Amino acid sequence: MDYKNMFSLKDKNIVITGGCGYLGREIVNGVRAMGASVQVIDYAESATIRCNLDSTEELKLAIKKAAIAKGKIDGLITMAANLGAGVLNDIENMDDEYWGKGLDGTIGYSFRTIREIIPYMKEHGGSIVNIGSLYAVGAPDPRTYYDTPFSSTPNYGAGKAATVELTKFCAAYLAKYGIRVNCVSPGSFPHEDVQKNTLFKKRLESKTMMGRIGYPEDLVGVMVFLLSEASNYITGVNIMVDGGQTAW
Ligand SMILES: NC(=O)c1ccc[n+]([C@@H]2O[C@H](COP(=O)([O-])OP(=O)(O)OC[C@H]3O[C@@H](n4cnc5c(N)ncnc54)[C@H](O)[C@@H]3O)[C@@H](O)[C@H]2O)c1
């Protein structure tokens, strides 16, 4: 093992869905800085390959383009998530359509992206990283949200918990192809506009052992680690990146 370069992503072609988002942008920068080519699949304008993940046909084409770009795919991060539009988001009022959209926009996106990428990875192996959440492993505390415009919906946590299980299923099934599958679960990484609500920010900070919220750069190291040779014997795990929030 070349220990000096064990975290290098040189010559790897990495697909990142949702790479135009708040967390994704920084992860794209970090993964590129470690030497990888990155194909950002997202419906935002700044994407390398524009695609709406609601459409399987568009996704198939996008993955094909990502593979053609470098002749192979070595890694995947399934960052994209989308709960859809909806205002009635508590469990007493949520309608079936919104419930289903939230599940599809979490676990559905990850499932479809993994399924479509397998043919481009199975010959030579690879590394897949799914994105879970703090709320994949525990419930949102309603007191955090009280008197703020924010909420966390039941379909979001359910979809993220399912993503952790899908990670384990895929790790078991895809090991025969040399494909590792892991999950990273961020804690509280509120977007900049949400951080402006100081009451909410303080409540989030007080939930963590480290006394602060997470910032996008806090996720880069673990992504590089899981995509690189440094994590060669790690598959099927869910790594919490939450300032210790779920450890107490
Ligand atoms: N921010 C947090 O506090 C936090 C905490 C835990 C987990 N997460 C998870 O991290 C991931 C990224 O979160 P974020 O805060 O960067 O979110 P974000 O909303 O800023 O980014 C999501 C990205 O996905 C893309 N996207 C959404 N729907 C799409 C579709 N149908 N087709 C193509 N692209 C689509 C968006 O364009 C956007 O670039 C998500 O899976 C989220 O659930 C975030």
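How do the residues of the shell around the ligand divide into nonpolar, polar and charged? They divide into 14 nonpolar, seven polar and two charged, where Ala, Val, Leu, Ile, Met, Phe, Trp, Tyr, Cys and Pro count as nonpolar, Asp, Glu, Lys and Arg as charged, and the others, Gly among them, as polar. Before going on, please keep in mind that this is a predicted model, in which local features need pLDDT of at least 70 and side-chain atom pairs count only at pLDDT 80 or more, while totals for chains, interfaces and linings use all residues. Residues are numbered from 1 along each chain as its sequence is written.

Let us stay with the ligand for a moment. Of the 23 residues around the ligand, G18, G21, A81, N82 and F189 come nearest; a residue is near a molecule if its C-beta atom, placed from the backbone, lies within 6 Å of it. Helix 1 gives the most to this shell, with three residues. Helices here are DSSP runs (H or I, at least four residues), numbered from the N terminus.

Now look along helix 1, which covers residues 22–33, and find V28 in it. V28 counts as buried because it has 27 C-beta neighbours inside 10 Å, and the cut-off for buried is 20 or more other C-beta atoms within 10 Å, with C-beta atoms placed from the backbone. Leaving aside residues up to four places away in sequence, V28 touches I16, G19, V38 and V40; contact means that two C-beta atoms, placed from the backbone, lie within 7 Å.

Next come the helix pairs. Two packed helices are described by the angle between their axes and the distance between the axes. Axes are lines fitted to C-alpha atoms, for helices over the stretch in contact, and angles run from 0 to 180 degrees between N-to-C directions. For helix 2 (residues 56–70) and helix 3 (residues 96–121), the axes come within 10 Å and cross at roughly 35°. On the helix 2 side, the contact is made by T56, L59, K60, I63 and A67, and on the helix 3 side by R112, T113, E116, I117 and Y120. By class, this contact has five nonpolar, two polar and three charged residues.

Helix 3 also packs with helix 5 (residues 154–174), at an angle of about 20° and with the axes 8 Å apart. That makes the two helices roughly parallel, a term for angles under 35 degrees. Among the residues that meet here are W99, G102 and L103 in helix 3 and N155, Y156 and A158 in helix 5. The residues of this contact divide into 10 nonpolar, six polar and one charged.

Technical notes: Buried ≥ 20, exposed ≤ 12 C-beta atoms within 10 Å, placed from the backbone. Parallel < 35°, antiparallel > 145°, perpendicular 65-115°, else oblique.
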